[in-house]
Every structure is written in C-alpha cells, then in structure tokens.
Amino acid sequence: MKRVVITGAGTINALGTSVATTLEAMREGRSGITDLEFRDVERLSIRIGGQVREYDPAAAFNRQQLALYDRFTQFTLIAAREAIAQSGLEFTGDLATKAGVILGNSGGGMTTLDENYRTVYEDGKNRVHPFVVPKLMNNAAASHVSMEYNLKGPSYTVSTACASSNHAMAQAFQMVHGGITPVMVTGGSESMLCFGGVKAWEGLRVMSKDGCRPFSANRNGMVQGEGAGIFVFEDYDHARKRGAEILAEVAGYAMSSDASDIVTPSKQGAARAIAGALHDARINLDEVGYINAHGTGTAANDKTECAAVADVFGQHADRLMISSTKSMHGHLIGGTGAVELLACIMALRDGIIAPTIGYQEPDPECALDVVPNEAREARVDVALSNAFAFGGLNAVLALRKIA
Amino acid sequence: MDIETRVIRIIAEQAVLDPSDVTSGNTLEELGIDSLGLVESIFAIEEEFDISIPFNANEPKNTDFDISSVSSIISGIEKLVKALN
C-alpha cells in the first residue's frame, strides 16, 4: 500500500481568502462570524453566520464563468487554484489520465435554487436562466475543477451532510493508498448562506442567535459558515521524487453509521469511527496530541463527542487537546471537514493548536482540554479530524507529522 | 374550540394517541414524544395559532416557554395568544 501525503492546500472561508490568512486568524483566535447580509435577511430569526467577505465574484471570474458557477463552485475553484499551485503539479499525459477530484458538498447550488425559485414563485416570471441545472447540481464544483486542471481520473461528489468532506477525503486517500492514482484533488465546499438556506435550518431550532460556543456550558447552538477547503493528496514516493513540499501525512481513516436516529448523534457511532481511524492508521492512543472536533456548539453534539473521545482514549483523553474551529469560521456543513483539516495541518507542521473561541463556562459533560480562547504552542505528532453528520454518518481522518 | 382542546389535539396527533388519552398533567416524555416530535409539535402549534414560540432545542429549559408538561405548554400558548390580541 502507498503512503499518502498532502502536498497542496487552499481555502476561502469567513476567516480569510487563503490558507495563510486563515491560519493567521486561527492563531489569533479571531471570529469570522458577523451579521449576515443578503436579501430578505430581516425575515429570519437567525441573522449571524460565517459569511465570506472581501470577495468580489466579478473580480475573480468573468461573465461567462459566473453564468455557470454557483457560489459553492466559485469557492471551490479559488481554493483549488491555491492548492494545486502550491503542489507545483501539472496534469498532463499519464498523470492527467489517472488523477481525479473527489469533493464533499451537501446543499449544492443553494443560492441558485433560492434565486430561481424567487423568480418563478415570488416574481411570477415564467422563464429562468438556461444554466440553472448545471449551476446548482452538487457535482458542478468537482466537474469544473476537473475541467480547469485536466483531471481525467475518478471524479465525483460525496454528500453526507456535515461529514461530506471527510468522507470525500477518505475516498481520495483510498484511491492513492491503493495505487489507483498517484494524485487526487479533494476536499469540499458549501454555500448555504441565503434566505432559503438559513430559513430551513432555522426550522430545526438548533441554531444560535448570538454565537458559536462549542463545549461551553452556555452554548446554545450552531452557526453556519461558507467556503471551501481543497487539498492535493499524493503518493509519498511520487512527492519525494519530485522534491515536493509535504505538509502532512494522511495516515488513515474510518467511517461508521450510527444506524439509530436522523438527527441525534450516537456516542457509539462516533467512538467506532475514532477508534477505527486509529486502528486503520496503526496509531497508538497515546500518540494522539490533537483532535479537531466536530464541535458544532449544539447541546447534543458536544457532550456526545466528548463522551466518545473519553471512551476511546480512557486516561489519555485528559492529556490530548481537542478544539472546535467552528467557533471561528462557523459550520461549513458539507465543506467543514476540509477547512478544519487546515487546523490539523497547522498543529502538526507549525506546532500551533487552534483554539475554541467563545468559551465562557466549563461544562462537566465536556471536561476535556478544549484549548479555550487562545491558541497554544505544542508539539503534536498525530492529529485527528472528526466529522459526525446528521443521518448518523461519521468519518474520522488521522494525520501524522512528516519526519 | 378553546386553546386547551386545540393544543391537546395537536399533541395527541404527534403522539399517535386519541385526544381523550392526553391530559394536561402529562409530560411529553410520558406521551412518547421525543426531541424531533417536540420540534414538530411546536411548529404545528405556531401554525395553528399564528404565533412564534421562543424555543431553542439546545436549551429547552432555558427559555421563557415552559415545555415541562402539557398544561405548562397550554398556559405558555395562552400568554402568547393574549399578547397577540
């Protein structure tokens, strides 16, 4: 089996328009959550989110491109450009035939859907733009990345709600690990911050009106974000041979299904995914220094996740660090695992642990070291990234520092 | 129909019970209504009375709206309906 490493990373999210600016914000414990700005926001009871600012679509793409790119595709292409540029790869010949792109996404072109429903239902028009379907389909982002970079290998989109990106990256890992291709582009994106998108979430009564405070006793729900995280996964030998800079090794993963409830998380399902990832990556419990938590800031997730971590790690649970960067960039749903993987890379490569900001009151049901409010310096050899989705579908990735 | 009868009808439907089997002393738990059922009941009540109920599933005990029993729900709704008129 091939060892798999990360040789490129890119992002755009509420914290920044690049990996460097995003990691700087995480180091400083800065929040990207602000008042939402879009049409009809005054009709919502939830009016905050991790919206991407300092971004002008017209400056990034031309008119023809924007006719085809929903916001989630735009974010994906911006992040892919950064990741692939960092990798230094050019996809030609045999590499182009083998390499593909697997992305996570949950809502597809929600903004496109929202705008066009408004056109036909509210404005009473009987005609919509001809590209509505190719713009809103969930695989649009993966397809545009494949076209832009000549990726002709296995390419598709994985949709498992809040675990989409982790499932996608696990699949990409497997492709390289199994020797099917030396390189895969992977990660995920989401853009649900529009009237219909937030209105739907509002209905479930799990959103916070005032902030995302994971693990804090006074947490009162999740806050949505938007953006993309894209990575280049590469065969270790392939990367070494061409002298590429290696950001971290992807050591293994596990997936599990709770098979119990459509929204309530299960400790057992989460624990099986965490333990499974350690087993797959041949990692001992005491090697794990950092976990990027799913940490949504809901009452149910955070206590269930902490209980699962305590069950798997036993005494070592009190020695590892676990933080939720959703406190800063919000919950990117299908793209969240991808942006959160950046915090794992920062922990391994830079020895800096991103904090859980907004932490105000200890919760006895979340009694772990959640790295409250301020980033910390620490040497970490192994990091995990948790994702536990609605529908009970879980995926955990294990990353290792590259020696 | 008075508010109590209308609320009991909604809760009974959610619990898949006959309204005569639901009394104001019952808790939702006793009636077999889980967290999803609760959110659905609140939505149905909001639609029935055209009111907004301040309820966040993350802090069910920490809101102005008391959901500890059928009777507390009814009195909460009576207040909201009165405020509306």
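The model is predicted, so local features need pLDDT of at least 70 and side-chain atom pairs count only at pLDDT 80 or more, while totals for chains, interfaces and linings use all residues. Residues are numbered from 1 along each chain as its sequence is written, chains are lettered from A and ligands numbered from 1 in the order in which they are written, and side-chain values use heavy atoms, with hydrogens and water left out.

**View 1. Salt bridge between E28(A) and R30(A).** A salt bridge is a side-chain nitrogen of Lys or Arg within 4 Å of a carboxyl oxygen of Asp or Glu. Here the closest N and O atoms are 2.7 Å apart. R30(A) is partly exposed, at 34% relative accessibility.

**View 2. Salt bridge between E37(A) and R53(A).** The closest N and O atoms lie 3.1 Å apart. The pair links distant parts of the chain, 16 residues apart: E37(A) is in the loop between strand 2 (34-35) and strand 3 (48-49), and R53(A) in the loop between strand 3 and helix 2 (57-60). Helices (H or I, at least four residues) and strands (E, at least two) are DSSP runs, numbered from the N terminus. E37(A) is exposed at 56%, whereas R53(A) is partly exposed at 29%.

**View 3. Salt bridge between E122(A) and R39(A).** The N to O distance is 3.6 Å. E122(A) belongs to helix 6 (residues 110-122) and R39(A) to the loop between strand 2 and strand 3, 83 residues apart. R39(A) counts as partly exposed because its relative accessibility is 47%. Both residues belong to a network of salt bridges that also includes D40(A) and R118(A).

Definitions and conventions
Buried means under 20% relative accessible area, exposed over 50%, partly exposed in between (1.4 Å probe, protein chains only).
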